[in-house]
Amino acid sequence: MKCMFCGRNKEPSKEHIIPEALGNKDFVTYKVCKSCNNKLDTNVDSYGVRYINYSFII
C-alpha cells in the first residue's frame with residue numbers, strides 16, 4: 001500500500017477521517033501508513049478535538 005501522505009510503500013493503518021474522539025466510527029481510510037497516522041493524531045486530530053467545534057459535522 002502506498003501512503004497518501006508520504007508516498008512510501010508501507011503497511012496500511014486505519015485512519016479516521018473525522019477523529020474517533022468526536023464519535024466517528026465508520027468514516028475511515030486505510031491509505032495511510034502508521035507513521036503518518038501517528039503524526040496526524042498528534043498534530044491535527046488532537047488540536048481539532050480541543051479547539052475546533054465539529055458539532056455541525058456529526
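Reply: Leaving aside neighbours within four places in sequence, Thr-29 is in contact with Met-4, Ser-13, Lys-14, Glu-15 and Ile-17. Please keep in mind as you read that this is a predicted model. Thr-29 sits in strand S2, and it counts as buried because its relative accessibility is 14%, under the 20% cut-off.

Across from Thr-29 you will find His-16. The C-alpha atoms of His-16 and Thr-29 are separated by 6.6 Å, although the two residues are 13 apart along the chain. His-16 belongs to strand S1, which covers residues 12-16. With 12% relative accessibility, His-16 is buried as well. Setting aside residues within four places in sequence, His-16 is in contact with Asn-24, Lys-25, Phe-27 and Val-28.

The side chain of Ser-13 makes a polar contact of 2.9 Å with the side chain of Asn-37, a residue of helix H1. Asn-37 is buried, at a relative accessible area of 10%. Apart from residues up to four places away in sequence, Asn-37 touches Ser-13, Lys-14, Glu-15 and Val-32.

Val-32 takes us to the nonpolar core. In soluble globular proteins, nonpolar side chains tend to be buried together. Here the largest such core has five residues, namely Cys-3, Val-32, Cys-33, Cys-36 and Leu-40. Strand S2 (28-33) and helix H1 (34-51) are the elements that each give two or more residues to this core. Cys-3 touches Arg-8, Lys-31, Val-32, Cys-33 and Cys-36, not counting residues up to four places away in sequence.

A disulfide is a covalent bond between the sulfur atoms of two cysteines. The count in this model is zero disulfides. Cys-33 is in no disulfide, and its nearest cysteine sulfur, that of Cys-36, is 3.7 Å away. Cys-36 is likewise in no disulfide, with the sulfur of Cys-33 as its nearest, at 3.7 Å.

Stepping back to the whole chain, the secondary structure comes to one helix and two strands, and the elements run β-β-α from the N terminus. Of the 58 residues in the chain, 26% are buried. The accessible surface is about 4,400 Å², and carbon and sulfur atoms account for 53% of that surface. Among contacts between residues at least 6 apart in sequence, 43% join residues at least 24 apart.

Finally, a word on confidence. The chain averages a pLDDT of 82, and 78% of the residues score at least 70. Confidence is highest in S2, at a mean of 94, and lowest in H1, at 78. Thr-29, where we started, is in strand S2, while Asn-37 is in helix H1. Where pLDDT is low, the predicted coordinates should not be read in detail.

Terms used:
Residues are numbered from 1 along each chain as its sequence is written. This is a predicted model: local features need pLDDT of at least 70, side-chain atom pairs count only at pLDDT 80 or more; totals for chains, interfaces and linings use all residues. Side-chain values use heavy atoms; hydrogens and water are left out. Helices (H or I, at least four residues) and strands (E, at least two) are DSSP runs, numbered from the N terminus. Buried means under 20% relative accessible area, exposed over 50%, partly exposed in between (1.4 Å probe, protein chains only). Contact means heavy atoms within 4.5 Å. A disulfide is a pair of cysteine sulfur atoms within 2.5 Å. A nonpolar core is a set of buried Ala, Val, Leu, Ile, Met, Phe, Trp, Tyr and Cys residues joined through side-chain atoms within 4.5 Å. A polar contact is a pair of N or O atoms within 3.5 Å; within protein, one must be able to donate a hydrogen and the other to accept it, and residues adjacent in sequence count only if both atoms are side-chain atoms. Accessible areas come from the Shrake-Rupley method with a 1.4 Å probe; for residues, only the protein chains shown count as cover. pLDDT is the predictor's confidence in each residue, from 0 to 100.
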